Amino acid sequence: FKLLVVDSIMAIFRVDYVARGELSERQQTLNQFLSRLRKIAEEFNVAVVLTNQVQSDPGGMAFAGVEPKKAIGGHVLAHA
């Protein structure tokens, strides 16, 4: 059994792409990275585990006094 772990996947992309104007480019690069990981997983029969970061979600509804959070990375990462 083989396992590839990518810890805090968005940390790399948050450092390289900091401005809002770079969001589209960041998401495209992230999508390419995820595609490569998928190909590696299929070609070498490797399980891939990604961990991510979360941020406060000001638009979310608090439940039982817990501040709402959401994963970062947008739709590209959410649907990977």
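Tutor: Let's start with Val54, which is found in strand 3 (residues 54–56). Keep in mind that this is a predicted model.

Student: Why is Val54 called exposed?

Tutor: Its relative accessibility is 54%. Exposed means over 50%, so Val54 counts as exposed.

Student: Which residues does Val54 touch, leaving out those up to four places away in sequence?

Tutor: They are Lys69, Lys70, Ala71 and Ile72. What makes them contacts is heavy atoms within 4.5 Å.

Student: Let's move to Gln27. Is Gln27 buried or exposed, and how do you know?

Tutor: Gln27 sits in helix 2 (residues 23–44). Its relative accessibility is 14%, and buried means under 20%, so Gln27 counts as buried. Leaving out residues up to four places away in sequence, Gln27 touches Gly73, Gly74, His75 and Val76.

Student: What about helix 1? Why are its buried residues said to be on the same side?

Tutor: The buried residues of helix 1 are Ile9, Met10 and Phe13. They cover an arc of only 70° around the axis, which puts them on the same side of helix 1. Their cover includes strand 1 (3–6), helix 2, strand 2 (47–50) and helix 3 (74–78).

Student: How do you know that Phe13 is buried?

Tutor: Its relative accessible area is 5%. The limit for buried is under 20%, so Phe13 is buried.

Student: And how many aromatic pairs are there?

Tutor: The count comes to 1 aromatic pair. The ring centres of Phe13 and Phe33 lie 5.9 Å apart, and rings pair if their centres lie within 6.5 Å.

Student: Why is that pair called edge-to-face?

Tutor: The ring planes of Phe13 and Phe33 are at 70°. Planes over 60 degrees apart count as edge-to-face, so the pair is edge-to-face. Phe13 lies in helix 1 and Phe33 in helix 2, so the pair ties together parts 20 residues apart in sequence.

Student: What makes Phe33 partly exposed?

Tutor: Phe33 has 25% relative accessibility. Buried is under 20% and exposed is over 50%, with partly exposed in between, so Phe33 counts as partly exposed.

Student: Finally, which residues lie nearest the centre of the largest pocket?

Tutor: Of its 15 lining residues, those are Arg20, Leu23, Arg26, Gln55 and Gly73. The largest pocket holds about 360 Å³ of space.

Technical notes
Residues numbered from 1 in each chain as written. Predicted model: local features only at pLDDT ≥ 70, side-chain atom pairs only at ≥ 80, totals over all residues. Heavy atoms only, no water. Helix = DSSP H or I, 4+ residues; strand = E, 2+ residues; numbered from the N terminus. Buried < 20%, exposed > 50% of the residue type's maximum accessible area, 1.4 Å probe, protein only. 1 Å grid on protein atoms, 1.4 Å probe; cavity = no way out; pocket = protein on both sides within 12 Å on 5 of 7 lines; lining within 4 Å. Points joined across faces, edges and corners; volume = space filled by probe spheres on them. Arc of directions from axis to C-beta. Phe/Tyr/Trp six-rings, centres within 6.5 Å; stacked < 30°, edge-to-face > 60°.
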